[in-house]
Amino acid sequence: LIRIGYYSLMDSRMIGMAVVELGGGRCLATDSLDYSVGFSDFCHLGDRVDIDKPIAFIHAKSQSQATVVANKVLSYISIVKEQAPTPQVIIERVTQ
């Protein structure tokens with residue numbers, strides 16, 4: 001997946017549903033999993049993405065399936081022109 005800018009937002013639930021659509025997740029407990037499909041090397045929030053640093057790699061059973069899922073994933077993320085501050089991942093450390 002290639003866009004140019006800074007990765008700023010994602011709908012993680014819908015990204016997960018895209019994995020299900022590829023066959024890598026279950027809708028029902030009886031559904032089988034295809035461990036050969038899914039995503040790899042997803043960029044992190046705040047990363048610059050371009051031709052040399054794609055958003056992610058899609059592993060699909062066919063080119064047509066990869067294209068459909070890629071278009072969906074692009075609608076589930078936001079790429080902005082200028083880098084925005086990334087949210088703090090750890091807000092507070094709780095100790096005894």
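Student: In which strand is the place of Phe57?
Tutor: The place of Phe57 is in strand E4, where a strand is a DSSP run of E with at least two residues, a helix is a run of H or I with at least four residues, and both are numbered from the N terminus. Before we go on, note that this is a predicted model, in which local features need pLDDT of at least 70 and side-chain atom pairs count only at pLDDT 80 or more, while totals for chains, interfaces and linings use all residues. Residues are numbered from 1 along each chain as its sequence is written, and side-chain values use heavy atoms, with hydrogens and water left out.

Student: Is Phe57 buried, partly exposed or exposed?
Tutor: The general idea is a scale of relative accessible area, on which buried means under 20%, exposed means over 50% and partly exposed lies in between, with a 1.4 Å probe and protein chains only. Phe57 has 41% relative accessibility and therefore counts as partly exposed.

Student: With which residues is Phe57 in contact, leaving aside its neighbours within four places in sequence?
Tutor: Contact means heavy atoms within 4.5 Å, and on that basis Phe57 touches Gly38, Phe39, Ser40 and Asp41 once those neighbours are set aside. Asp41 is found in the loop between E2 and E3 and is exposed, with a relative accessible area of 53%. The phi of Asp41 is near 55 degrees, which is a positive value in a residue other than glycine.

Student: What order do the elements of the protein follow from the N terminus on?
Tutor: They run β-α-β-β-β-α-β, and the protein has 2 helices and 5 strands. Of the 96 residues in the protein, 27% are buried. Among contacts with a separation of 6 or more, 63% come from residues 24 or more positions apart.

Student: How many aromatic pairs does the count come to?
Tutor: As a general rule, rings of Phe, Tyr and Trp (its six-membered ring) pair if their centres lie within 6.5 Å, and planes under 30 degrees apart count as stacked, over 60 as edge-to-face and the rest as tilted. By this rule the count comes to 2 aromatic pairs. The rings of Tyr7 and Phe42 have centres 6.5 Å apart and planes at 40 degrees, so this pair is tilted. The pair links distant parts of the chain, 35 residues apart, with Tyr7 in strand E1 (residues 5-10) and Phe42 in the loop between strand E2 (38-40) and strand E3 (48-49). Phe39 and Phe42 form an edge-to-face pair, 5.5 Å centre to centre with 75 degrees between the planes. Tyr7, Phe39 and Phe42 form one aromatic cluster, in which Tyr7 is buried at a relative accessible area of 1%, whereas Phe42 is partly exposed at 22%.

Student: Which residue has its charged end over the ring of Tyr6?
Tutor: A charge sits over a ring if NZ of Lys or CZ of Arg is within 6 Å of the ring centre and within 35 degrees of the ring normal. Here the charged end of Arg48 sits over the ring of Tyr6, 5.6 Å from its centre. Arg48 is also in contact with Ile4, as are Val49, Asp50 and Ile79, when the neighbours of Ile4 within four places in sequence are left aside. Ile4 lies in the segment before E1, and at 62% relative accessibility Ile4 counts as exposed.

Student: At what angle do helix H1 and helix H2 pack?
Tutor: Axes are lines fitted to C-alpha atoms, for helices over the stretch in contact, and angles run from 0 to 180 degrees between N-to-C directions. Helix H1 (residues 12-22) and helix H2 (residues 63-75) pack at an angle of about 170 degrees, with their axes 10 Å apart. That makes H1 roughly antiparallel to H2, given that angles under 35 degrees count as roughly parallel, over 145 as roughly antiparallel, 65 to 115 as roughly perpendicular and the rest as oblique. The contact is made by Ile15, Ala18, Glu21 and Leu22 of H1, together with Gln65, Val68, Val69, Lys72 and Val73 of H2.

Student: Which residues in H1 are buried?
Tutor: Ile15, Ala18, Val20 and Leu22 are buried in H1, and what covers the buried residues of this helix includes E1, E2, strand E4 (57-59), H2 and strand E5 (77-80). Arg13, whose place is also in helix H1, is exposed, with a relative accessible area of 59%. H1 is followed by Gly23, whose phi is positive, near 110 degrees.
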